Structure formats: structure tokens, C-alpha cells
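Try each task before you read its solution.

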Amino acid sequence: MARKLTRTIEGVVMSRPSQEKCRLCSKLSVTEAKLKHGVEGDRCWDDERCHNRRSYYRHRGVRNYNRKQHRRQSIAPELSQPTQTAILEIPAPAAPAAIAHFYRETKDSPLHAIGAELWMGNHRVAKIEPVHCLGLAEAQVRMLLMRILEGFSSHSRVKIERFRSTVELHPTNCPIRPCPMHPNS
């Protein structure tokens with residue numbers, strides 16, 4: 001695609017800025033683009049230019065990346081060669097972290113089940129199997145969560161006051177059997 005060039009004050013030749021309308025059009029199919037910008041649309045479609053322009057905008061990122069890589073290799077070929085990278089292991093202090101697993105469809109949906117895990121650094125040290133919450137009131141669910149934290153505290157001998165993270169799982173992933181979500185199991 002031939003692009004118009006403009007001169008800046010310093011005399012450096014720069015390309016014209018990309019057209020947002022053409023970039024957005026390039027994401028449409030050809031028929032959608034012709035409908036939107038052709039005779040029935042805003043009449044900016046030009047059969048001679050638009051196919052090339054749409055291809056340019058669709059592949060612009062890849063072409064720029066390849067061009068940049070080629071420039072880097074031609075400037076400093078010794079720097080572009082892959083070097084062996086050192087992998088450093090930094091031991092982090094292992095603090096206990098409790099993670100709650102909530103089995104429900106959305107955050108506003110009633111809880112189907114609750115499970116939990118206790119992690120020390122990169123290792124899971126304890127796990128509470130999921131428990132159905134069907135029919136439990138909100139206060140009873142809170143009490144169950146507090147008992148889980150107390151159990152983790154006694155297991156790790158460190159006071160765990162809250163869950164560091166929560167994981168939302170769909171009720172169809174409930175591993176408890178028998179389960180109302182899996183009546184045939």
C-alpha cells in the first residue's frame with residue numbers, strides 16, 4: 001500500500017498516522033466491510049485500495065515485529081544469538097496461606113459446597129474435603145469457615161485469621177457423592 005509521507009519540522013520523513021476507521025474495517029469480513037463502507041454505507045470503499053489496506057492493517061503487528069527483529073540482528077548479530085540463561089532460586093519464607101474453594105454458579109448464587117486447602121510456600125500441607133452447604137444459613141456458613149481456619153491453625157501451629165485467596169468453582173465440579181448435581185452417580 002502506498003502511503004503519503006509528511007515532513008516534520010526537523011526534516012525527518014515520517015509516515016502518515018494510521019487510520020482508525022481502516023483499522024477497524026480490517027477486522028470485518030469483506031462482505032460486512034462492503035455493506036458498511038460501500039454503496040449502502042458511508043461510500044468510502046474503494047475496490048482498488050481497500051483489499052491491500054485491510055491486509056496491511058491485519059498483518060501490521062507481525063510485520064513490524066519481524067522488521068524490528070531483522071534490524072536488531074543486522075545491528076548486533078552477536079547479541080541476537082541465544083545465550084544460556086542462569087536460573088536462580090531464591091528461597092522465600094514459607095508462610096501459611098489458607099485458600100477457600102466455593103462451589104457455586106455465580107458470586108450471587110447460593111453456595112453448593114465449600115472446601116479448603118492450607119499451603120506453606122509451594123507445598124499443600126492440609127486439605128479440607130468439600131462439604132455440602134445445602135440448607136445452611138449464612139451464619140452457619142461463616143461458622144464453618146471459622147472452624148476450617150481454626151483447624152488449619154492447630155495443624156500449622158500458627159494462627160491463621162483469614163483466607164488469603166478464594167477459588168470459585170462451578171457446582172458441576174463438585175466431587176462429593178451422592179450429590180444433587182449428579183443424581184445418577
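**Exercise 1.** How many disulfides does a search of the whole structure find?

*Solution.* Keep in mind that this is a predicted model. Step one is the search itself, which turns up 0 disulfides. Step two is to look at individual cysteines. For C25, the nearest cysteine sulfur belongs to C50 and is 6.4 Å away. A disulfide needs two cysteine sulfur atoms within 2.5 Å, so C25 is in no disulfide. For C179, the nearest cysteine sulfur is that of C174, 3.9 Å away. By the cut-off of 2.5 Å, C179 is therefore in no disulfide.

**Exercise 2.** Decide whether C25 is buried or exposed, and do likewise for C179.

*Solution.* Begin with C25, whose relative accessible area is 8%. Buried means under 20%, so C25 counts as buried. Next comes C179, with a relative accessible area of 5%. Because this value is also under 20%, C179 is buried.

**Exercise 3.** Describe strand β3 (residues 96-103): how many of its residues are buried, and in which sense does β3 pair with β4 and with β6?

*Solution.* First, take the burial: 7 of the 8 residues in β3 are buried, leaving the strand mostly covered. Second, turn to β4 (residues 113-120), which pairs with β3 in the antiparallel sense over 8 bridges. Here, G115 in β4 stands opposite H101. Third, consider β6 (residues 165-169): its pairing with β3 is parallel and runs over 5 bridges. In β6, S165 is the bridge partner of I99.

How values were computed:
Residues numbered from 1 in each chain as written. Predicted model: local features only at pLDDT ≥ 70, side-chain atom pairs only at ≥ 80, totals over all residues. Heavy atoms only, no water. Buried < 20%, exposed > 50% of the residue type's maximum accessible area, 1.4 Å probe, protein only. Helix = DSSP H or I, 4+ residues; strand = E, 2+ residues; numbered from the N terminus. Pairing = 2+ DSSP bridges.
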